[in-house]
Protein chains: 4
Amino acid sequence: MTTSGNHRDRVAASLARQGMLRQLGVELRRVEPGLVELWLPYSDKVTQQQEGFHGGAMGAVADVAGGYAGLTVAPEGMEVVTVEYKINFLASFKGGALRAIGKVAKPGKRLIITTAEVIHVADDGKESACALMQQTLMPVPKTY
Amino acid sequence: MTTSGNHRDRVAASLARQGMLRQLGVELRRVEPGLVELWLPYSDKVTQQQEGFHGGAMGAVADVAGGYAGLTVAPEGMEVVTVEYKINFLASFKGGALRAIGKVAKPGKRLIITTAEVIHVADDGKESACALMQQTLMPVPKTY
Amino acid sequence: MTTSGNHRDRVAASLARQGMLRQLGVELRRVEPGLVELWLPYSDKVTQQQEGFHGGAMGAVADVAGGYAGLTVAPEGMEVVTVEYKINFLASFKGGALRAIGKVAKPGKRLIITTAEVIHVADDGKESACALMQQTLMPVPKTY
Amino acid sequence: MTTSGNHRDRVAASLARQGMLRQLGVELRRVEPGLVELWLPYSDKVTQQQEGFHGGAMGAVADVAGGYAGLTVAPEGMEVVTVEYKINFLASFKGGALRAIGKVAKPGKRLIITTAEVIHVADDGKESACALMQQTLMPVPKTY
């Protein structure tokens, strides 16, 4: 039986192993079958030349949110690797935090297709669309 | 008159302002009209759960290499923002460094199209294809 | 004042001028602010080597549905051109028809971002996900 | 032993089965290991509302040129399906013909990555960049 608890453990265990995401400050907020939400608080570790969130940070949280959404529908003992993704940047923001919500659009044994929305949450709670991603994942045997 | 020296100053000045890239350890290696090469040495700041380079790190150096290649062809007083990019991950590697080479495919006043290759360089100098990116940039007035 | 009727006229007038879409048999089904739905009935004009709908046909209806959704939010006297799109093919089908639903994700003066879903409708009415697209449009002055 | 002749037969046999490409007027011009070139002459079957080549036609020849380039490196008895592609449109042209050159960027058993350039050839022979594509293919057993 698969529960949300199992999904969360699986995703959290993988996230804890990711040096880059720890470094940037990425937090796991929600795990459901086919859906994962990550948060990334603003800090000087994630900025570009105009002090907004760096595209690389938006790309990383979108990629990982989509990837973990895919992981929740991958068979036991498998993990997923990103084959490719495409991301549109909609606006740039300073301060607050990024919410990245990854969702499975099409599960599959050979490939999993996902989308992710990145939303900026200002300190006063105001939400604004930030980036939109579409991604292809491939299940592979877990080797660690 | 535009010289490679001016291009390098322009790119280096922007790179120095990017908190995230400093944090990850990105280095500027080559700047020519329409071409920029960045290096990213392996460290625990750029790893995923299997200890290889994180896709987010490959995405960030590809995005930035393409973006700076575009900056070398943007009018004076303008900088560029990433509209969107698409990246394919070809293989995963541990150790060594990543070389990201961004090139302008089509310059333009309203939009600039670029590509980037990310190549892994092992400690013994062996090079392997790592990722391939295609990107759309938009020139915007520089505001800082 | 903008009404759905005006939107429909604007989209229909453009569609009538498109030789390729007439050739393939594309039909306009629904026009709302920020949303356009097209249909493409199965015929030997739209098949690939295994007699399913050709990826090129799915790509064309997705591109055009997204583009016309963008047209509904573009200023009067402007039309839109496709800067780029990215499409994932989810499954292949014979017979029936394709529904392509384009939606504006982010309107804008310089760029408009859209998504499109392509859904297969079998002769018995059964619907299946077929393709998923994400697209960047640019408003340009209408020249005809 | 694999020869260019075998590659050409394999690609030509598949192309002859594609109703949509016959309809549009796509011609096979060059087949080498890892490279395929197609031509699409201008006609009222491939135009958009301003009488230039339709993006759907550019997308279709790019997709197919990349796909056939991939077919030349796929194992015997396999064909390839397009998982996804991303295309940037660089300029629009009337008259003449389109040359689409697909190339394998990374062969593989599970996935093949390709790129394609679409070039416009005017009646006087002048060539201009038209579109740029990056694509993911999946080898599958041939079923016909």
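The model is predicted, with local features needing pLDDT of at least 70 and side-chain atom pairs pLDDT 80 or more, while totals for chains, interfaces and linings use all residues. Residues are numbered from 1 along each chain as its sequence is written, chains are lettered from A and ligands numbered from 1 in the order written, and side-chain values use heavy atoms, without hydrogens and water.

I placed Thr143(B) in the segment after strand E6 (127-141) of chain B (strands are DSSP runs of E, at least two residues, and helices runs of H or I, at least four, numbered from the N terminus). Leaving aside neighbours within four places in sequence, I found Thr143(B) in contact with Gln50(A) and Glu79(B) (heavy atoms within 4.5 Å).

Next I turned to the sheet. I read an open sheet of 12 strands with antiparallel pairing, in the order E1(C)-E2(C)-E4(C)-E5(C)-E6(C)-E3(C)-E3(D)-E6(D)-E5(D)-E4(D)-E2(D)-E1(D) (two strands pair if DSSP finds at least two bridges between them). The edge strands are E1 (27-32) of chain C and E1 (27-32) of chain D, each pairing on one side only. I noted an average twist of 25° from one strand to the next (axes are lines fitted to C-alpha atoms, for helices over the stretch in contact, and angles run from 0 to 180 degrees between N-to-C directions).

I then checked one pair: E5 (residues 112-121) and E6 (residues 127-141) of chain D run antiparallel over 10 bridges. Thr114(D) has Gln135(D) as its bridge partner in E6(D).
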